[in-house]
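Subject: Structure handover

Hi,

Here is the structure I said I'd pass on.

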Amino acid sequence: MPPLLELDAISRTYTSGGEPLTVLIGVSLAIESGEFVAIMGTSGSGKSTLMNIIGCLDKPSTGTYRIRGVDVASLSGDQLAALRRETFGFVFQRYNLMSDLSAVENAEVPAVYCGMAKTQREAHASELLRQLGLGDRLQHHPNQLSGGQQQRVSIARALMNGGPVILADEPTGALDSQGGKEVMAILEKLHAQGHTIIVVTHDSDIASYAPRIVRITDGRITSDEKQQRGEAGNRAQTVEPEKDASAGVAVLGESLKMALRSLLHNRMRTMLTMLGIIIGVASVVALMAIGNGAKQDVLDRIQAMGTDLLTVVRGSPGARASAGIVTSFLPEDLPSIRSVPGVAMAIPETNQSSLLRFGDQDLMVTAVGTGEDFPQVHDWPPQSGVFFSAEHVTSYAQVVTLGQTVAKNLFPKDMNPLGQYVLLGSSPFLVIGVLSSKGLSSRGDDLDNSVWLPYSTAGARVFGQRYFNNIVVRVSPDADMSLVQAQLHSLLIKRHGKEDFNIRNMADTIATASETQNTLTYLLAAIAVISLIVGGIGVMNIMLVSVTERTREIGIRMAIGARSFDVLFQFLTEAVMVCFIGGLAGVIAGVGGGLSTSAIAGWRVIFTVSPIVLAFACAFLTGIIFGYLPARKAARLDPIEALARD
Ligand code: ADP
Ligand code: MG
């Protein structure tokens, strides 16, 4: 059978400052299972370098290293990680415990990477610590333990997955002589239980615990002595983790726990990082709600004008510029339009900005020349007085009905406008009614700042034109809208001899308006998404800092068996968690912000599920995308260099 560990003509050359430096030269060494070997040499002789190669943390520059006959050079990164996890147990001079984990949790870490279930892990770690005399220190953190106690925790960690081969690099170097003796006694006991022990030391007293002492000077083995003592008996057994169905969940759960812990460790920083995500998500949610509210407002206003209306406007389809010179909408058209089946009412509408005067008070209003059916066509009844009648139209009566805004602004507060005369253009008009309030048009104009007069009088006295700008048709409730529209179309072509008009129905108007509003909403969403990206860059920045800060922790984790993927996953989890929590907070802030905007500014806001889900998903994705680069950086760290970092 091949020896457990076999080094054959190993050398290791560092390049420091461009100069190659060979620290191990032609080292050949075989170590059998169950041996207790001390590697002894002065400081700088290459002991740690040799130990790192034995523990598969480092690779030799030349020569071959075989473990149970298998050439290490042929193994993948994950296979090496598995060796570090399941075959080797590292004990370092400076303990290398993780400061925010308790004694039990520190000891548990190698088993986490094996996928051992939480309860089994905890029980095993506690048992090991109890055997090492730390039964009453299980929940203590490293800074609450003495050096000797910390070293015993690190031995427990080395034994967690069975630790058939214990590699201890100056395990007593930071301890007083009593602590050192205790640690060596533990290693002796482990040897007696069948563990293979390799201890690196510069101290001959420590080395004398070992039956075999290998001396190393300037990178070469200078002696290899065996003292005659009884060899240890049975081999140490690897603990087989119970890989139940929940093992994968356990690894994920552990990652979440570690991520949460590290986020809580840097509360202020976490908060600030999250703020970017919160602002991004909140703005998506709030702006979309405001955009939707505005859209619905516009649609409602259009709807309020009546959905069963057809508007005939001047100008051939697609040729707006010619609108001004089309003069063919004449009063004679009205009777034939009214005779089309399905047409309930038809009125002309010609709007012009005009100066209205009462006494010495002037007001710019929209003067509307129209027919007597205007209130019925638009569902817009008078509030006081009356609308003009068909009689008024045929007799060219100089009567006018006012809008609410006009009535309010033109007359003193306590005066009733009814029965008063106002000047429109240069003609006096008798005020016979005031319409109820209608509010804003779909374009945002004040519809109540208008006055209505018979189209006959308007044409003769005010506008100086006989023809109309528009004709508005109200279709009977039981008639087919598109059929009526088609019949109107052919009628007008017959009458005018050409298509010098456009017929618009409300469905078209609504579609156009909602398209415009959608564009606006998407614009708001784009702005919000940009702020989310900025937030993501913030996350990436902080994660990069975090990786740099925790390089040593990453080194420890890799030394005790974490795969690159485990490290990647841990940091990714952290980034995603920041974005997840930030996303949740952002949704809450966005809903709150939207609601308070509507309360303060009186805007209408409408929350829909899709932008909220979308924003949240974006935040989550942001975590993955912007967390990936830092996480990959962490996963690609060289364990030796990472461990060397302070
Ligand atoms: P020991 O553990 O016996 O004190 P080491 O194996 O740590 O010695 O180091 C042996 C020599 O290699 C030292 O001279 C040290 O400066 C050098 N060395 C160790 N690590 C590196 C490195 N990463 N880059 C360059 N030189 C190194
Ligand atoms: Mg050393």
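Before the notes, a word on naming: helices (H or I, at least four residues) and strands (E, at least two) are DSSP runs, numbered from the N terminus. This is a predicted model, so local features need pLDDT of at least 70 and side-chain atom pairs count only at pLDDT 80 or more, while totals for chains, interfaces and linings use all residues. Residues are numbered from 1 along each chain as its sequence is written, chains are lettered from A and ligands numbered from 1 in the order in which they are written, and side-chain values use heavy atoms, with hydrogens and water left out.

Nonpolar patch

Three helices, α8 (247–265), α18 (564–601) and α19 (609–635), each supply at least two residues of a nonpolar patch. Its members are Leu 260, Leu 264, Phe 580, Ile 581, Leu 584, Phe 620, Leu 621, Ile 624 and Ile 625, and together they have about 750 Å² of accessible area on the surface. For the cut-offs: patches are made of residues with over 30% relative accessible area and no salt bridge, where like charges are joined within 9 Å and nonpolar side chains (Val, Leu, Ile, Met, Phe, Trp, Tyr) within 5 Å. Areas come from the Shrake-Rupley method with a 1.4 Å probe, and for residues only the protein chains shown count as cover. Helix α19 gives the largest share of the patch, four residues. Leu 584 sits in α18 and counts as partly exposed because its relative accessibility is 44%; buried means under 20% relative accessible area, exposed over 50%, and partly exposed in between (1.4 Å probe, protein chains only).

Domains

The chain is split into domain 1 (5–245), domain 2 (258–299 + 512–644) and domain 3 (327–499), with bounds that come from an automatic or database domain assignment. Taken over C-alpha atoms, the centres of domain 2 and domain 3 are 55 Å apart.

Salt bridges

How many salt bridges does a search of the whole structure find? There are 28, each being a side-chain nitrogen of Lys or Arg within 4 Å of a carboxyl oxygen of Asp or Glu. A few to look at:

- Asp 8 and Arg 66 meet through their side chains at 3.8 Å, N to O. Asp 8 is in strand β1 (residues 5–16) and Arg 66 in strand β4 (residues 62–67), so the pair ties together parts that are 58 residues apart in sequence. Asp 8 is partly exposed at 36% relative accessibility, and Arg 66 is partly exposed too, at 23%.
- Lys 47 and Glu 170 pair at 3.9 Å, N to O. Lys 47 belongs to helix α1 (residues 47–54) and Glu 170 to the loop between β7 (165–169) and α6 (177–192), so this bridge ties together parts that are 123 residues apart in sequence. Lys 47 is buried at 5% relative accessibility, and Glu 170 is buried at 11%.
- Arg 563 bridges to Asp 566, with the closest N and O atoms 3.0 Å apart. Arg 563 is partly exposed, at 23%, whereas Asp 566 is buried, at 8%.
- Glu 35, Arg 212, Asp 224 and Lys 226 are joined into one network by salt bridges that share partners.

His 496

His 496 lies in helix α15 (residues 481–496). Is this residue buried or exposed? At 15% relative accessibility, His 496 counts as buried. Its side chain makes a polar contact of 3.0 Å with the side chain of Asp 500, and a polar atom of that histidine side chain lies 3.2 Å from the backbone oxygen of Ser 328. A polar contact is a pair of N or O atoms within 3.5 Å; within protein, one must be able to donate a hydrogen and the other to accept it, and residues adjacent in sequence count only if both atoms are side-chain atoms. Leaving out residues up to four places away in sequence, His 496 touches Ser 328, Phe 329, Asp 333 and Phe 501, contact meaning heavy atoms within 4.5 Å.

Helices α17 and α2

Helix α17 (residues 551–559) has eight of its nine residues buried, so it is largely enclosed by the rest of the structure. After α17 comes Gly 561, with a positive phi near 120 degrees. In helix α2 (residues 77–86), the buried residues are Leu 80, Ala 81, Leu 83, Arg 84 and Arg 85. Their cover includes β4, β6 (88–91), α3 (103–112) and α17.

Cheers
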